[in-house]
Amino acid sequence: MIYLDNAATTFKKPERVYKKFMSIWREMGANAGRGGHRLSLKAAEQIFIAREKISEIFSIKNPENIVFTPNTTTALNMAIKGVLKPYDHAVITTIEHNSVLRPIVKTGCEYTVAEADLKGEITEESIKRAIKKNTKLIVVNHASNVCKSVCDLEKISAAAKKHGCLLLVDAAQSAGVLDINVLKNNIDLLAFAGHKSLLGPMGTGGLYISENVGCDTLIEGGSGGDSLSLTQPDNMPERFTAGTQNTPAIAALAEGVNFVLSHGIKNIFMHENLLLKSFEEKIKNIKNTVVYTKDLEGVNVLSINIKGRDCVEVGEELEKSFNIAVRCGYHCAPLCHRMLGTYDMGGTVRFSFGFFNNLKQVDRAAYAIMKIAEKYVI
Amino acid sequence: MENSIIVYKSITVANRAKRLLEKVGIEASIIQLAAKFNIKGCNYAVKIKRRDFKQAMEISEKMGLKIRGAFENGSDEV
């Protein structure tokens with residue numbers, strides 16, 4: 001199988017990630033921070049090591065400000081519902097995922113969608129136009145999961161600070177392939193996936209919450225400390241960490257981050273970008289094929305369609321005839337498909353490349369598209 | 001009593017303290033605090049040699065680590 005669905009979750013992972021997961025599970029599979037015995041303390045130390053690694057990759061000053069979550073969606077829900085009240089206003093963008101759109105709608109607050117420009121980019125000007133007097137939170141998707149669009153965090157965070165708004169960055173697609181510096185970029189809240197480009201296992205993600213953010217809890221429960229109190233402790237990260245942590249997965253995530261840091265974020269980006277550009281070059285002139293956001297420079301994601309073909313059927317043919325896995329449909333990003341003009345046609349066929357893909361696989365995918373498109377010349 | 005005990009706000013802070021102390025050569029281990037120390041709730045502490053107590057407290061303060069209690073004359077039994 002040629003796996004080109006890395007935007008959903010990266011597959012495969014570095015060998016050391018699998019090994020770490022199994023060794024922690026087998027050798028210290030106790031409940032971290034829930035007791036004084038050696039195994040529990042060792043497990044808690046593994047989680048702390050992971051905190052340090054995440055701090056390193058995002059330039060986070062205090063490792064305690066990181067909360068591990070099962071995925072980015074949970075992190076975004078914690079941030080959005082923890083910060084916004086129904087009388088607040090929020091700014092979101094056209095490239096947001098449903099993991100932002102749905103919690104925003106659920107809060108009942110007013111929101112404005114900052115539109116992308118003609119190329120598909122979210123600009124600082126677009127964000128500024130959407131800001132109102134009562135805007136409390138600006139949520140931006142750092143990198144789209146549908147097209148290549150990437151936000152300029154430095155400019156957007158400057159606009160947020162100027163207007164006294166908090167900035168929440170959804171780094172589901174960018175963590176591990178784009179530089180993210182929470183201090184330099186003045187990011188208040190950063191939600192990230194552990195199982196995508198940070199190369200950790202599924203069931204990992206996290207939320208960074210800076211000291212200046214007043215964030216309410218989404219769930220309450222056991223935190224391993226302050227056990228006689230009937231309310232959640234106010235210290236980080238225990239305030240947002242109710243219940244048993246997934247220690248083997250979090251420790252394996254740290255190994256994924258180690259792998260990324262040792263190879264270099266820039267080198268990983270360049271490798272994936274080489275694959276993306278090669279693929280784009282090979283398919284851009286295929287008759288009947290529409291390639292979206294061609295003019296953008298961005299991440300490892302490309303959406304296409306073959307005229308006259310249902311995107312899901314194209315995906316099925318890619319798998320059955322060519323053994324290639326892609327994601328077809330709306331990718332949980334309805335506003336983005338409105339922007340691309342694919343809302344009423346079932347979405348797109350999305351190719352997303354990862355560190356373990358190669359040019360031979362790209363050639364095969366381009367060949368497959370050519371053969372499928374040939375059969376349906378209008 | 002050769003050991004001192006510094007009780008931190010959480011297991012996370014205790015782990016951070018342990019790693020910071022080890023970086024400057026202070027031997028530290030994490031323990032769950034016994035009830036006899038009279039800090040209620042489940043608490044985690046770092047056990048260090050008594051000779052390192054002052055330096056450990058200074059580092060904790062400098063790094064902003066939240067402390068719930070400190071016992072220079074800790075117990076050898078813990």
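## A loop in chain A

Asp226(A) sits in the loop between strand 8 and helix 7 of chain A. This is a predicted model, and in it the phi angle of Asp226(A) is near 50°, a positive value in a residue other than glycine. Is Asp226(A) buried or exposed? With a relative accessible area of 14%, Asp226(A) is buried, because anything under 20% counts as buried.

The loop between strand 8 (205-209) and helix 7 (247-263) also holds Pro237(A). A cis peptide bond, with omega about -5°, joins Met236(A) to Pro237(A).

Most residues other than glycine have a negative phi, and most peptide bonds are trans. Cys332(A) is not a glycine, yet its phi is positive, at about 55°. You can find Cys332(A) in the loop between strand 12 (327-329) and helix 10 (334-340) of chain A. Cys332(A) is partly exposed, with a relative accessible area of 32%.

Now look at Lys12(A), in the loop between strand 1 (2-3) and helix 1 (15-27) of chain A. Phe11(A) and Lys12(A) are joined by a cis peptide bond with omega of about 5°.

Chain B has 2 helices and 4 strands, and from the N terminus on they follow the order β-α-β-β-α-β. Its C-alpha atoms fill a box of roughly 30 × 25 × 15 Å along the principal axes.

How does the radius of gyration of chain B fit that of a compact globule, and what is its value? For 78 residues, such a globule would be near 12 Å, and the 11 Å of chain B agrees. Of these 78 residues, 49% count as buried.

Technical notes: Residues numbered from 1 in each chain as written. Chains lettered and ligands numbered in written order. Predicted model: local features only at pLDDT ≥ 70, side-chain atom pairs only at ≥ 80, totals over all residues. Heavy atoms only, no water. Rg over C-alpha atoms; globule rule 2.2 N^0.38 Å. Buried < 20%, exposed > 50% of the residue type's maximum accessible area, 1.4 Å probe, protein only.
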